[in-house]
Amino acid sequence: MKTSRTIALASMAAFATQVAFALLMLRWFTPQEVGEFSVISQIGFFWMTLALAQAPLGLLANQAVPAQLAAKQAWHASALRGLALLPVAALAVWFSQLTLWPALLWALLLAFCQMAWMLAQSLTLRVGSGWQQAAVRVLPPLTAATSALGVALLGTWAGWTGPTLVVSALLGYAVGAAWLLPALRGQATTSSTEPHHRQQADPRSTSLRMAHTLVDAVLATAIIVVWQRLYGAQETGWMSALLRVLGFLPAVVHMAWAQVALAQGHPTTPRQTALANPWWLGLAAFACVIVLGLSCAVALYRDWLDPRWDGVWHYIAPLVLWQGSACLSAAFSHRPFQTPSARGYSWACMALGLAQALVLFAPMGFAQPVDASQHIAAFALFSSLGLLGLTVWMARLR
């Protein structure tokens, strides 16, 4: 539980930095700038996620392979997949109606640096000290927020008009990627002294992991790209800025709870079992999402934000419901790998993702345009119901 507390505190610090970064976007940048950055960063995220093919999860679950060797193999395989996915990323940039150059270059740099950072987090969780596990999570977003603030202030003084947000994000990811360099340079051993959790494994085939990753990545990218195409950069900025804040909480739950649970195996004492109740954690995270949503509503009501951000109003309730349900699902996401249910978990997630995609793309086939508020309400409600159903299924796994 000590490791879990360390990761939780580090993740919350990183979350606070992400909130600060989002507030900087609201204060210093226009909705159009935020919208364009969100499209590029989401394409980079899609690229990274698909290239990794859940390699960080496998690095934690399959502990029979030495950590440094597993990290090096995962990076080489992921980098090759990333290069092969270059045409797909170019197609996504073209579909978003952004200029292909330099948007594709920015997406490539973001993808590969973020890919290395994700592997570094799993590597340090297995072999790093407490301060290393914390630093690899806190320093990258802190670097991004600090550089964004510095460049924004410099721009006010010197008239800088460059891509501040994407450059700041790239610097942050590069700091995180640096933590993987020792594993890539070192000579990995062929035997492991780490304890093996024999009941825990990721038995899924590479094709199944790729298919699962593809569905997740396409859906995460599609919501930004579809919003950009249907409703423009301003609506995309309203939606993506709030989603960036609320969506970090499910990620915190997964990093500070599910990943640690996989790294440490099953709880071994009654006290650990009582403390390791995912329901309490998921509900607490859901409550935090509600508090953040209410805080945003208060900020809008009290006119603390620029009037250009008033359009965020109709996104608050749907995104709170959606991301709160995602917190519950994330709290149980380690269970399928501690039971013989990992393959079923992938198939269930893919089925839900495809159903969500149908709801997301449906308005593009309507003769009459659909209002953005109606669209996000329908999509969030359907997604929440699906995530809650998945949560109940995982909670019953033993």
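Which backbone oxygen does the side chain of Arg126 reach at 2.7 Å? The side chain of Arg126 reaches the backbone oxygen of Leu59.

**The chain as a whole**

The protein chain has 17 helices and zero strands. Its length is 398 residues, of which 54% count as buried. Among the contacts in the protein chain with a separation of 6 or more, 86% are between residues 24 or more positions apart.

The structure contains two cavities of 30 Å³ or more. The second largest cavity has a volume of about 30 Å³. Which residues line the second largest cavity? The lining consists of Pro56, Met118, Gln121, Ser122, Met255 and Gln259. Two elements, helix H6 (100–127) and helix H11 (248–264), each give two or more residues to this lining. Helix H6 gives the most, with three residues. By residue class, the lining of the second largest cavity has three nonpolar residues, three polar residues and no charged ones.

Is Arg126 buried or exposed? Arg126 has a relative accessible area of 11%, and because the cut-off for buried is under 20%, Arg126 counts as buried. Its side chain has the backbone oxygen of Leu59 at 2.7 Å.

Arg137 belongs to helix H7, which covers residues 130–158. The relative accessible area of Arg137 is 2%, so Arg137 is buried as well under that cut-off. A polar atom of the Arg137 side chain lies 3.0 Å from the backbone oxygen of Gln133.

| Side chain | Backbone oxygen | Distance |
|---|---|---|
| Arg126 | Leu59 | 2.7 Å |
| Arg137 | Gln133 | 3.0 Å |

In summary, the predicted model is a chain with 17 helices and zero strands.

Note on methods:
Residues are numbered from 1 along each chain as its sequence is written. This is a predicted model: local features need pLDDT of at least 70, side-chain atom pairs count only at pLDDT 80 or more; totals for chains, interfaces and linings use all residues. Side-chain values use heavy atoms; hydrogens and water are left out. Helices (H or I, at least four residues) and strands (E, at least two) are DSSP runs, numbered from the N terminus. Buried means under 20% relative accessible area, exposed over 50%, partly exposed in between (1.4 Å probe, protein chains only). Contact means heavy atoms within 4.5 Å. On a 1 Å grid over the protein atoms alone, a cavity is a set of points where a 1.4 Å probe fits but cannot get out, and a pocket is an open set with protein on both sides within 12 Å along at least five of seven lines; lining residues have an atom within 4 Å of a point. Grid points are joined across faces, edges and corners, and a volume is the space filled by probe spheres set on the points. Ala, Val, Leu, Ile, Met, Phe, Trp, Tyr, Cys and Pro count as nonpolar, Asp, Glu, Lys and Arg as charged, and the others, Gly among them, as polar. A polar contact is a pair of N or O atoms within 3.5 Å; within protein, one must be able to donate a hydrogen and the other to accept it, and residues adjacent in sequence count only if both atoms are side-chain atoms.
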